[in-house]
Structures are given as C-alpha cells and as structure tokens.
Amino acid sequence: MTTDDLPGLAWSGSPLHIENMAGQLKRARVGVVDYLVVCIPSGASVAKGGIDYETKPGAGSLTQFAVRAEFQSLGIGTFLIGATEDRIRARGLCSAELDVEENNPRARALYERLGYVAFGRQLESWDQQRPDGTIEHYETMCTLMRKDL
C-alpha cells in the first residue's frame with residue numbers, strides 16, 4: 001500500500017480512519033509496519049490490512065483488516081491473511097496476533113478457522129467517524145493468536 005492507494009480505500013472507513021492509515025504508512029517507510037492492499041484487475045482496491053512489528057515483541061500484530069462488502073466470502077480475506085503471515089515468517093517470526101471487536105463474530109470465525117485461538121479480552125478504545133461527521137467511541141476487543149506460522 002502507498003499513499004496513492006488511500007483515496008481508493010474510502011470504502012474501508014471514515015476520513016479519520018484514512019488519516020490514521022496515512023500516519024501508519026509513514027511507519028511503513030521505516031520498516032516497523034507493512035500494509036497490503038488487494039486490487040481487482042481494474043485497479044480498484046477491495047481489501048486491505050497491516051502488520052505492526054512493534055506492538056508485541058516476537059510476533060506480527062495484524063491490524064486494520066477489511067474486505068469491501070460486495071467482495072466478502074470470496075476468499076479474499078483468507079488470501080490477505082496468508083500474505084501477511086508470509087511477511088511475518090519472512091522476518092523470522094513464528095507467531096501472529098490480532099484483536100477483533102467483540103461485535104464482529106464473522107471476522108472472529110474467519111480467524112479461528114485459520115488457526116487463531118482466543119487468549120484474552122482487553123479494553124481498548126478508538127474513535128470511529130460517522131458519515132455525518134460525528135465521532136463514535138468503541139471499545140472491548142478479543143485477542144487471538146496463532147503460534148504455528
């Protein structure tokens with residue numbers, strides 16, 4: 001993913017989210033995170049996700065995964081997770097972890113199908129901007145890990 005991809009990722013979140021990704025891409029330039037985007041032949045982005053190598057020493061932390069609604073259930077999320085796990089292994093790491101919102105059972109089911117196991121629950125908070133510009137506050141995540149990369 002590059003800054004040129006950001007306008008085409010508006011489907012994945014609010015302007016606040018896109019702004020956060022722009023900040024994360026600065027960290028990617030120094031090698032502490034990787035961001036990937038999946039595009040269809042037309043060049044349109046349909047999925048994205050990142051790996052943070054600083055969050056948990058010795059593991060890659062998967063973050064900000066999303067698949068455009070009309071492309072869900074086609075294997076794209078599975079493909080993207082596999083690609084991020086390949087990058088984690090290429091760094092010599094053998095485990096990955098991620099947090100998933102407790103109100104997102106579909107994503108959690110995918111992660112568990114791919115071998116991730118829940119090992120904790122944490123209070124985490126972040127802001128989500130609604131289309132009308134108001135900010136909604138979210139919290140509480142389930143943490144999952146896969147150790148056998």
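Tutor: Happy to! One term to begin with: two residues are in contact, or touch, when they have heavy atoms within 4.5 Å. Please keep in mind that this is a predicted model.

Let's look closely at helix H1, which runs over residues 15-29. With 15 residues at 1.5 Å a residue, H1 should span 21 Å, and its end C-alpha atoms are 22 Å apart, which agrees. Now look at which of its residues are hidden: His17, Ile18, Met21, Gln24 and Leu25 of H1 are buried. Viewed down the axis of H1, the buried residues fall within an arc of 115 degrees, so they line one face of the helix. What does that face meet? After H1 comes glycine 31, with a positive phi near 85 degrees.

Glycine 77 sits in helix H2, residues 76-90. The relative accessible area of glycine 77 is 14%, and it counts as buried because that value is under 20%. Leaving aside residues up to four places away in sequence, glycine 77 touches Val67 and Leu110. Finally, find glycine 92, which lies 15 residues from glycine 77 along the chain; the C-alpha atoms of these two glycines are separated by 23 Å.

Note on methods
Residues are numbered from 1 along each chain as its sequence is written. This is a predicted model: local features need pLDDT of at least 70, side-chain atom pairs count only at pLDDT 80 or more; totals for chains, interfaces and linings use all residues. Side-chain values use heavy atoms; hydrogens and water are left out. Helices (H or I, at least four residues) and strands (E, at least two) are DSSP runs, numbered from the N terminus. The expected span of a helix is 1.5 Å times one less than its number of residues. Buried means under 20% relative accessible area, exposed over 50%, partly exposed in between (1.4 Å probe, protein chains only). The arc is that of the directions from the helix axis to the C-beta atoms.
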